[in-house]
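Please look through the structure below together with its sequence.

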Amino acid sequence: MDRGHLHEILETILTVPTAPFHEYHVREAILQLLKPCDSVQIKEDDFGNLIVLYGDHTATPGWIFGSHMDHPGFVALPEGSGFQSAAARIRDQFTFLGGVPESYLLRKFPIREFGRFAMWDLPGFDVRGTQIWSRACDDLVGCAVIVALLIALDRSGVELSCAAVFTRAEEVGFIGATRLGKAWPFQPSSCFVSIETSVAVDRATMGGGPMCRVGDRISIFDHTATAAILEAAQRRSIKVQRALLDRGACEASGLQAYGIRTAGISVPLGNYHNCGKEDVISPEFVESFDVEGLFDLMAAILEEFPQGPMDCSEVLRKRFESGVDTHLPFIKGTSDLFLPLND
Ligand SMILES: [Zn+2]
């Protein structure tokens, strides 16, 4: 599938400010981008998570791609909230929400205000060679690639049904995903695929392609769905890295706790949560190759397995059995050396 305006969409979404519970600007940008798409239906739940359906809206989608619209940042405390925060996390009227060590917060890196929230004063979108740098790659890159895919699907008119969810307040512990899990709008068999940006661990590297996340710090994801993702990559010759990304956790764990089938794909991320070298707050960055690979992989998953995760055991059995066939001469050549067991 043609990647269409992937890079323009990345620029549009990455330049939009966001913070936990203050995802309304990103939400609006997503709505505007999807507005011209006739084959896309957009709903929301009572928390403001976006639920987007592509194709036949009456069908049960096999794949649901999910990303979160927030990023660690400073938010104004609601009056009389009684919310307790460590001194290092407080700046003027704001409190910092999200996983950033205090050693970084204590350096008092400049911030930029956007009404009732603030972000680090860093560029929203900056191309440096093969890399994209931003104050919030996590998880606006995920949002942008899913939007680009929905637009590409709409333009192609391909007949299949799939869905996407854009959640709120992931960075403080899967608040949006939890609300979604409690009132899951799909079948439990519909596979939620967490689309994230993550630190490359477990031998994965930046520039090595998107990472098929077999699990995170909390859970191991669905084997059949993971195998189908890897099989789609193999069939389309898409460079993908298989990794247990256990430096963090993602919404797949949040939803799996509600019995929902899950998988994960992550783009390798530099300067995770803006944590640069020597406790200096810095832009996050990703490799364009990995982001484009994520788009291609998601499209391949839909094209190869439009009904949802398919049991690929047959493929594996064939591979193993051909190994048996190849070695038949050895099996026959050693059979006389194994004496029958005495009764
Ligand atoms: Zn994050």
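F74 is buried, at a relative accessible area of 2%; buried means under 20% relative accessible area, exposed over 50%, and partly exposed in between, with a 1.4 Å probe and protein chains only. F96 is likewise buried, at 1% relative accessibility. This is a predicted model, in which local features need pLDDT of at least 70 and side-chain atom pairs count only at pLDDT 80 or more, while totals for chains, interfaces and linings use all residues. Residues are numbered from 1 along each chain as its sequence is written, and side-chain values use heavy atoms, with hydrogens and water left out.

The next topic is aromatic rings. A pair of aromatic rings is described by the distance of the centres and the angle of the planes. Rings of Phe, Tyr and Trp (its six-membered ring) pair if their centres lie within 6.5 Å; planes under 30 degrees apart count as stacked, over 60 as edge-to-face and the rest as tilted. The structure holds 9 aromatic pairs. One of them joins F74 and F96 edge-to-face, with 4.9 Å centre to centre and 70 degrees between the planes. This pair links distant parts of the chain, 22 residues apart: F74 is in strand β4 (residues 73-76) and F96 in strand β6 (residues 94-97). Helices (H or I, at least four residues) and strands (E, at least two) are DSSP runs, numbered from the N terminus. W184 and F192 form another edge-to-face pair, at 6.5 Å centre to centre and 75 degrees between the planes. Both W184 and F192 are buried. F74 and F96 also belong to one aromatic cluster with F109 and W120.

Which ring has the charged end of R128 over it? That ring belongs to W133, and the charged end is 3.9 Å from its centre. A charge sits over a ring if NZ of Lys or CZ of Arg is within 6 Å of the ring centre and within 35 degrees of the ring normal. R168 lies over the face of F47, at 4.2 Å from the ring centre.

The backbone comes last. Most residues other than glycine have a negative phi, and most peptide bonds are trans. A169 has a positive phi near 50 degrees and lies in the loop between β11 (162-167) and α5 (175-182). A169 counts as buried because its relative accessibility is 0%. E278 also has a positive phi, near 50 degrees, in the loop between β15 (262-268) and β16 (284-287). E278 counts as exposed, at 71% relative accessibility. A cis peptide bond, with omega about 0 degrees, joins D138 and D139; D139 is in helix α4 (residues 137-156).
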